[in-house]
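I opened this notebook to record what I looked up about charged pairs and helix packing. The entries follow the order in which I checked them.

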Amino acid sequence: ESAIRYFLRIKLVFRERKRSAALTDALEATVKNFKKSKNMTHFESLKIFFNLSLFFLLAEKDIQAVKIDALTHADEWKRSLSLRVILLVIHEWDMAKAAPANKLKEAYKIAGISEDLIGEMNSAFRKINKAHGRAKQLLSAARHATIAHRDADAMLQYEMIMKIDPLATMEVASSFYEGADLFVKVLPKVMLEASSTHSLLKQFRESTQ
């Protein structure tokens, strides 16, 4: 088992290197452009999309940072801790915090986002929210007792840590990544539409009425 884990770790390090670099580039570009949009008082829709993008990228970057350790680290406790971090990130990921449904719907309308793109966004959110719901349903007890708040009963903490199912946690993470992949593909297209001349003029008119 340890030999398999070792070779899997090497494979994942190489496989995930490109994704990790792409995530870092996307994060840095989003932060840079989001800061610029803060000074644009008439383009609220664009700000909402930037905020949503950054909210998502931060969560995915956190998961990316511990995913390989969760699957392959030689130390069992390090694997367990990494699994709990993934659990906590997905458990706390909630689109409504970054963009409530009614606010996002209004942003689509004001920016003139096409129905096809809205449908793609909704599909991505359904998958991500499904993973979020499964994390809350299956793993919230362990999350509360072992990492978010730390139960006063130390033996309960220990037993919860030992009972965390790596397969169940990674299934939730896999479901999250299915939605994440859709989201990563569609959000740049939404941002492109929202930053087009036609959309910016539309947002400006709406803000000055």
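The model is predicted, so I kept to its rules, with local features needing pLDDT of at least 70, side-chain atom pairs counting only at pLDDT 80 or more, and totals for chains, interfaces and linings using all residues. Residues are numbered from 1 along each chain as its sequence is written, and side-chain values use heavy atoms, with hydrogens and water left out.

**Salt bridges**

I searched the whole structure for salt bridges (a side-chain nitrogen of Lys or Arg within 4 Å of a carboxyl oxygen of Asp or Glu) and found 9.

I looked up Glu-178 and found a salt bridge with Lys-127, where the closest N and O atoms are 3.6 Å apart. This pair links distant parts of the chain, since Glu-178 is in helix α8 and Lys-127 in helix α6 (residues 115-148), 51 residues apart; I take helices as DSSP runs of H or I with at least four residues, numbered from the N terminus. Glu-178 is partly exposed at 43% relative accessible area, and Lys-127 is partly exposed at 34%. I also noted that salt bridges with shared partners join Arg-9, Asp-69 and Lys-78 into one network.

Next I checked Arg-19, which forms a salt bridge with Asp-181 at 3.4 Å between the closest N and O atoms. Arg-19 lies in helix α1 (residues 2-37) and Asp-181 in helix α8 (residues 166-194), so the pair ties together parts 162 residues apart in sequence.

For Lys-47 I found a salt bridge with Glu-44, with the closest N and O atoms 3.2 Å apart; both are in helix α2 (residues 44-72), 3 residues apart, and are therefore separated by about one helical turn. Lys-47 is buried at 16% relative accessible area, whereas Glu-44 is partly exposed at 44%.

**Helix packing**

At what angle do the axes of helix α3 and α8 cross? I found that the axes of α3 (residues 76-92) and α8 come within 10 Å and cross at roughly 40°, the axes being lines fitted to C-alpha atoms over the stretch in contact and the angles running from 0 to 180 degrees between N-to-C directions. That makes α3 oblique to α8, because angles under 35 degrees count as roughly parallel, over 145 as roughly antiparallel, 65 to 115 as roughly perpendicular and the rest as oblique. The contact (heavy atoms within 4.5 Å) involves Leu-83, Ile-86 and Ile-90 of α3, and residues of α8 including Met-170 and Phe-176.

Terms used: Helices (H or I, at least four residues) and strands (E, at least two) are DSSP runs, numbered from the N terminus. Buried means under 20% relative accessible area, exposed over 50%, partly exposed in between (1.4 Å probe, protein chains only).
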